Amino acid sequence: MSERATREENVNVVWSGDWVAERLGVGLEGDGELRELLGLALRRNPKRAHLLVSNVLGKHVPQKPSVVYGAGYGLGERVRALLGEEEARRAVVLGYAETATGLGHAVADGLRDAPYLHSTRRPVAGVRQAGGFEEAHSHATSHLLLPEDPALLAQGADASTLVLVDDEFSTGNTVLNTIRALHELHPRDRYVIVALVDMRSPADRDRLTAFAAEIGARVDLVTRSTGTVTLPDGVLERGQALVAAQEAEQAGPFPEAAGHPAPVTRVGLDWPAGVPDGGRHGFTPAHRAALEAALPGMAERIAGALGDGARRGRVLVLGFEELMYAPLRLGTALEEALGAGTEVRYSTTTRSPVLAVDDPGYAIRTRLVFPAHDAPADGPGDRYAYNVAGAGFDAVVAVVDSTADTPELHAPEGLLARLAVHTGQVLLAVVPSYTPTPVQEPAVLPEPLRGPDFSSYAPEDVGWLLQDLSDTELEAPTEEREEAIQSGGAHYAESLPVEYQPSAEYQALFSAALETSAARIARAVGTVTETVLAERGPRPVLVSLARAGTPVGVLMRRWARHRHGLDLPHYAISIVRGRGIDATALRWLAAHHDPADVVFVDGWTGKGAITRELAAAITDFEASGGPAGFDPEIAVLADPGGCVRTYGTREDFLIPSACLNSTVSGLISRTVLRADLVGPNDFHGGKFYRELADSDVSGRFLDTVAARFDEVAGQVEAEAKELLAADRAPTWEGWAAVERISEEYGIHDVNLVKPGVGETTRVLLRRVPWKILAKRGAGADLTHIRLLAEQRGVPVEEVDDLPYSCVGLIHPRYTRGATGADGKAVKGA
């Protein structure tokens, strides 16, 4: 055994949470086993500084596979006893990505006959999304539910129990939000929540009781240990400062081990055909039986590839992010194959950035950093393996799925190379990634909606690639939506805000702003249209991002017809932050037009979130087998954030179409994406507010701007020529400013910072605003902002050095108690 491992044996009486507890005053109290199960570490996370590190989960701390598997299996046996054999046989188990995927699977094994599914952060081509939710405190929040069999989660009719498994039950928000979302779609009589530790406060315990009564179902809780975490005031800020100080002191990565890198050898597993690599798309009792039968043979193949030194020493089976169960079961089988003479441990790599401190009183002693190697949907980034370096492993068996067996894995800075300098042998075992049966494309795609049946625009102005949800009740009060969105209980696209009805004073402001800015808007419309025609002509297909982009798309179409006699096609399509673009609408466009001719159009840029969202969505669409050739570049009227290269202006000025909602956008709502309303072959949804026809100014806005086209034609010609010759590369100045503001104002979430006149207006109309930052001397462009802020009781703060005219800050800690039930901000909150 290595000197490091021996030293750990001698200091195991030290609790692995002492280091954090002593420096930050974090307390961990509970039953006698709690400190054996948990240690503490720190992470750079704006929502929660501390990390509870499990000693039996197999994520951050290498542990015997039999101990890890036994912890989950034992919980599953307790659930089976609670439900009884008959009900346990009909239960469905749901685990949470990434940390609890293996734990949930082991719980399902303990129930013996229950099918298993875990949430995932990896979109998979051809698989219908059965749901999704946000995890409020996580570093990566979006979870997808992608069962191959859509009926797996739809078994409410026969009252089957849903068992939800997470590693810890802290506030309960994530689990309760999941139950609420699934219960609305498929109500059940009973739910069971399973966790290794229950760390809720008394208030959170009462909330679970109230929640069960609210939904009219029984909700049981099964945990191994119970306790509480006490956090002193200011612990988040102090924890962040401590992390920064430690990182500065460490001044770079941990030193690599001396000596030559170990050889890397690929070992064939002969994984059983038809058995999924895990529960991402569902794992049935039949899959379980086939895997159990194959495990001994696969373990023998791994054992045969190990050198003699490893057989007499320590072997680590290292899984990969969500791929926890397959390497865990290979580890348990390897324990049996090698016997008591070999010490086998198990852990996995992770997306979560955690500070490492080489101290016996700290749970994360060392950290290996390497690039992501599975082409993740959120782009490249660092991944981590903890407590591997310096742990004295004679061999490491790295287990990945075939999707992750990429050049990045084998690169000089990749995971295998990082492992090779810390062990005597590296084996690579690849589990084939399970490919579900793809969703069949419909024989006939839906057709666009047009006015006057859907929208007040003329039918030739725009075709809406949406489905009509006008008869569906989707509106919720602003304060209820904000609380649900920020708590992770709902995505903003699952409901609609109540349409703002402008006062006479505000309507007069809109009219004055329109008259004042019409020529300025006409110039920007002409400039961006001429740029598009020069670079993407001769007959581009305009596709506006509904709904802010749609008035701009109509105006660009009118400019092309007025100045050049061109009748350009124009459609409106839905894109949703965090969920991507409407893939059915893209398929429709590809079936009717050359994707290379499509030009996406939006109103303005804020910090550039939708610009990035569109680029990622087009990449995902093509990777999933969708038609290729769409250019993700967006053409916008105004680009104050410096996020695109095709724009009419980079000035941040008032675009009157931002002042109102549907009444300046053809009476169409913002778009809706909800699993129970939008199927895999449907367009996203939207509503036509026919009842607001008397307040509609959509046509007036278009006509007023178009009437100034001839007046500005000379200026447009000069500006377009100048722009086409200029360097228009995005500067992303706006994104940098948003990050700075987020930190300066203690928000720590860029999604709650909305820069620019247009985005600030949206904050005041649709969200719960906290305060408005106004550039000193911005003038008349902010008159309507000041009026709206006064009406909602929101303070306006004059600031210097702002790259935008104004910035809207959404309340960063919103509850109805913090802001008042009417949604108004409370001073000092």
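Me: What do Asn173, Leu176, Ile179, Arg180 and His183 in α7 meet in α8?

Reply: In this predicted model, those residues of α7 meet Arg207, Leu208, Phe211, Glu214 and Ile215 of α8. Contact here requires heavy atoms within 4.5 Å. By residue class, the contact of α7 with α8 divides into 5 nonpolar, 2 polar and 3 charged.

Me: Why are α7 and α8 called roughly parallel?

Reply: Helix α7 (residues 173-185) and helix α8 (residues 202-215) pack at an angle of about 0 degrees, and their axes are 12 Å apart. Angles under 35 degrees count as roughly parallel. The two helices α7 and α8 are therefore roughly parallel to each other.

Me: What makes the phi of Ser455 worth a remark?

Reply: Ser455 is not a glycine, yet its phi is positive, about 95 degrees. Most residues other than glycine have a negative phi. Ser455 is found in the loop between β17 and β18.

Me: How do you know whether Ser455 is buried or exposed?

Reply: The relative accessible area of Ser455 is 1%. Buried means under 20%, so Ser455 is buried.

Me: What makes Trp732 partly exposed?

Reply: Its relative accessibility is 26%. The class lies between the limits of 20% for buried and 50% for exposed, so Trp732 counts as partly exposed. Trp732 also has a positive phi, near 55 degrees, and lies in the loop between α21 (709-725) and α22 (733-744).

Me: Which omega goes with the cis peptide bond that joins Gly451 and Pro452?

Reply: Omega is about 5 degrees for that bond. Pro452 lies in the loop between β17 (426-431) and β18 (463-464). The peptide bond from Ala546 to Arg547 is also cis, with omega near 0 degrees. Arg547 is placed in the loop between β22 (541-545) and α17 (549-564). Most peptide bonds are trans.

Me: What makes up the largest nonpolar core?

Reply: That core has 109 residues. Members must be buried nonpolar residues joined through side-chain atoms within 4.5 Å. Those with the most contacts inside the core are Leu42, Leu111, Val163, Val194, Tyr362, Val397 and Leu419. At least three residues come from each of domain 1 (50-58 + 71-230) and domain 2 (258-431). A second, separate core of 71 residues includes Tyr457, Leu469, Leu514 and Ile668.

Me: Which residues does Tyr362 touch, not counting those up to four places away in sequence?

Reply: Tyr362 touches Ser16, Trp19, Val20, Leu40, Ala41, Leu42, Val354, Leu355, Ala356 and Val357. One of these, Leu42, is listed with Tyr362 among the residues with the most contacts inside the largest core.

Terms used. Residues are numbered from 1 along each chain as its sequence is written. This is a predicted model: local features need pLDDT of at least 70, side-chain atom pairs count only at pLDDT 80 or more; totals for chains, interfaces and linings use all residues. Side-chain values use heavy atoms; hydrogens and water are left out. Buried means under 20% relative accessible area, exposed over 50%, partly exposed in between (1.4 Å probe, protein chains only). Domain bounds come from an automatic or database domain assignment. Axes are lines fitted to C-alpha atoms, for helices over the stretch in contact, and angles run from 0 to 180 degrees between N-to-C directions. Helices (H or I, at least four residues) and strands (E, at least two) are DSSP runs, numbered from the N terminus. Angles under 35 degrees count as roughly parallel, over 145 as roughly antiparallel, 65 to 115 as roughly perpendicular and the rest as oblique. Ala, Val, Leu, Ile, Met, Phe, Trp, Tyr, Cys and Pro count as nonpolar, Asp, Glu, Lys and Arg as charged, and the others, Gly among them, as polar.
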